[in-house]
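User: Please take me through the terms used for this model and show how each value is set against its cut-off.

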Amino acid sequence: TVIIQVLLINSDQVIPETKGARGMVGIPQMTSFFWAFAFLVLTLVVVRNVLYSSTGRAIVSVREDELAAKAMGVDTIRSKTTAFVIGSFFAGIAGALYAHLYAFLSPNYFGFVKSFDPMIIIVLGGLGNMTGTLVGTFLWAITLEGMRIWLPQGFEAWRFVVYPIVLLLVMLVRPQGLMGKL
């Protein structure tokens, strides 16, 4: 993430529209609850259908045991590439929704600490568990907003302490995530 952030800070040399460290301005504010919810439902439907297809079963088999999947004739490189492309597609949609929600993008928004959010969400929900990841996402968002609203001013600096504690507690108390295999 640090490399990407530095590239974005200096990107105005190659792509002037990004404005480098100053950030992109003038993005129309088009994201609403409707669009966010519609893309959430679309994402859930597509990911569920992919998981239950032969391609999805191949991706899951590679995740569980790559050597066994390869021995059974699964093209592991193709499965990994497919998973990467699908994930990148939905990350692009999320980025577009984010950009159109705030109407401003700055490389400083996407620093090292922000890269912990997906990891915490996956650990909270459980690896390979779509329902758990969704529940983990809502719980983490509520936790972050709750910390901002109910805790005293200046507590934001403590997030560097809160993040590892949450990760350790979940991994020690419930290593399969909050939802397990549900």
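Analyst: A residue is buried when its relative accessible area is under 20%, exposed when it is over 50%, and partly exposed in between, with a 1.4 Å probe and protein chains only. This is a predicted model, in which local features need pLDDT of at least 70 and side-chain atom pairs count only at pLDDT 80 or more, while totals for chains, interfaces and linings use all residues. Residues are numbered from 1 along each chain as its sequence is written, and side-chain values use heavy atoms, without hydrogens and water.

User: Why is Arg 63 called partly exposed, and what makes Glu 64 count as exposed?

Analyst: Arg 63 has a relative accessible area of 41%, which lies between 20% and 50%, so Arg 63 is partly exposed. Glu 64 stands at 53%, over the 50% limit, and therefore counts as exposed.

User: How do you know that Glu 64 forms a salt bridge with Arg 63?

Analyst: The term asks for a side-chain nitrogen of Lys or Arg within 4 Å of a carboxyl oxygen of Asp or Glu. The closest N and O atoms of Glu 64 and Arg 63 are 2.5 Å apart, so the pair meets that limit. The count by this rule is two salt bridges, and Glu 66 with Lys 80 is one of them, with closest N and O atoms 3.0 Å apart.

User: Why is the pair of Phe 33 and Phe 37 called stacked?

Analyst: Rings of Phe, Tyr and Trp (its six-membered ring) pair if their centres lie within 6.5 Å, and planes under 30 degrees apart count as stacked, over 60 as edge-to-face and the rest as tilted. The centres of the Phe 33 and Phe 37 rings are 6.0 Å apart and their planes stand at 15°, so both values meet the limits for a stacked pair. Both residues lie in helix α2 (residues 33–51), four residues apart, about one turn of the helix.

User: Which residues make up the largest nonpolar core, and what makes them a core?

Analyst: The largest nonpolar core holds eight residues: Val 113, Ile 120, Ile 121, Leu 124, Trp 140, Tyr 163, Leu 167 and Val 170. The term requires buried Ala, Val, Leu, Ile, Met, Phe, Trp, Tyr and Cys residues joined through side-chain atoms within 4.5 Å. Two or more of these residues come from each of α6 (116–125) and α8 (159–173).

User: How do you know that the buried residues of α8 are on the same side?

Analyst: The buried residues of α8 are Val 162, Tyr 163, Leu 167 and Val 170. They cover an arc of only 130° around the axis, taken from the directions of the C-beta atoms, and therefore lie on the same side of α8. On the other side of α8, Leu 168, Leu 172 and Val 173 are exposed.
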